[in-house]
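I opened this notebook to record what I looked up on charged and aromatic side-chain pairs. The entries follow the order in which I made them.

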Amino acid sequence: MSTADMDRAPSDEAPRLFVDDVEEKIIADALAGSLKHGESTARVVTCGSHPFAMLRANPSFHEFTGLNAETSYGSSLKLLHTYTTNSTVWEGCMSAATKSTETQACVITVQLCGGISEVVQMEVTAIAAGKELERRLLLVQFSKAPSFQTVQEVQANTSRGARAIVRLVNPQHITHVSAGWCAGFESDSKQFVGRSLKGLNGPATDQRIVQRMMKKVSRCLTAEETFVAYCLNGSMKLVNLRCRPLQSESGEVDHFCVDAVMSEVKTLRH
């Protein structure tokens, strides 16, 4: 083996597309469980490393995507990407699944045959395969994403409660806040618009909770957490934040809405 071969990262190696009899049975069992809430769900099994080449799929996947078995076999799942697909979210979800025993989920935009774009929820679960169960495959399931409100609809209805609208892409700047948000965090809208939610963090903020919430948000999933946040004047609030994705008028999921319920922090235990 040459030095170049020894230095090559596993992710750079061509994926093994061959499926032996044992793996064939494991894959078939995974694809067979394709009934969810009484409806057939599109499922595909891919290799467990980039570029996540497709190995087998159920009939619902071919029907949903318009791809036949010959086209999909050996092709990367990126075949479904469109210009509005958030590749970072997609690849992060796939990569996280290879290292976890838990199903990873995200909401992304995919392109189907005929140029039709659709927002779907993608759930990825690792499968142990091979005679010694040493091979890592991924079961990817697509289902219809929940209906999301548009940014315009939410922005037109921010008269009640503490609410902010935030861009989904980093650095996730706030684009709009309600009067209730400003009153609750004791500042005016000019202090929030164009800034990040990180401005609410302080010494007593549990960053693990915040990171858990933002991980879901980055994957276009609904998230809800309670933690200590800070007003811009330095006073503390116990806040419950509920985040949900928003769509643009073109259908792209590019913002999220944050609804806040706040209460005073009277005592803080160290």
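Which residue forms a salt bridge with D259, and how far apart are the closest N and O atoms? I found R244 as the partner, with the closest N and O atoms 3.8 Å apart. The pair links distant parts of the chain, since D259 sits in strand β12 (residues 253-264) and R244 in strand β11 (residues 236-247), 15 residues apart. I noted that salt bridges with shared partners join R163, R244 and D259 into one network. R244 counts as buried at 16% relative accessibility.

Conventions, before going further. The model is predicted, so I kept local features only at pLDDT of at least 70 and side-chain atom pairs only at pLDDT 80 or more, while totals for chains, interfaces and linings use all residues. Residues are numbered from 1 along each chain as its sequence is written, and side-chain values use heavy atoms, with hydrogens and water left out.

I took a salt bridge as a side-chain nitrogen of Lys or Arg within 4 Å of a carboxyl oxygen of Asp or Glu. Buried is under 20% relative accessible area, exposed is over 50%, and partly exposed is in between (1.4 Å probe, protein chains only). Helices (H or I, at least four residues) and strands (E, at least two) are DSSP runs, numbered from the N terminus.

Salt bridges, continued. I found that the structure holds 8 salt bridges. One of them joins the side chains of R56 and E24, at 3.0 Å from N to O. R56 lies in strand β4 (residues 54-57) and E24 in helix α2 (residues 21-32), so this pair ties together parts 32 residues apart in sequence. I have R56 as partly exposed at 27%, and E24 as partly exposed at 30%.

R212 forms another salt bridge, with E225, the closest N and O atoms being 2.8 Å apart. R212 is in helix α8 (residues 207-218) and E225 in strand β10 (residues 223-230), so the pair ties together parts 13 residues apart in sequence. R212 is partly exposed at 45%, whereas E225 is buried at 12%.

Aromatic pairs. I searched the whole structure and got 6 aromatic pairs. The ring centres of W181 and F185 are 4.8 Å apart and the planes are at 55 degrees, so I logged the pair as tilted. Rings of Phe, Tyr and Trp (its six-membered ring) pair if their centres lie within 6.5 Å; planes under 30 degrees apart are stacked, over 60 edge-to-face, and the rest tilted. W181 is buried at 0% relative accessibility, and F185 is buried at 0%. I also noted a cluster of F61, F64 and F142, linked by ring pairs.
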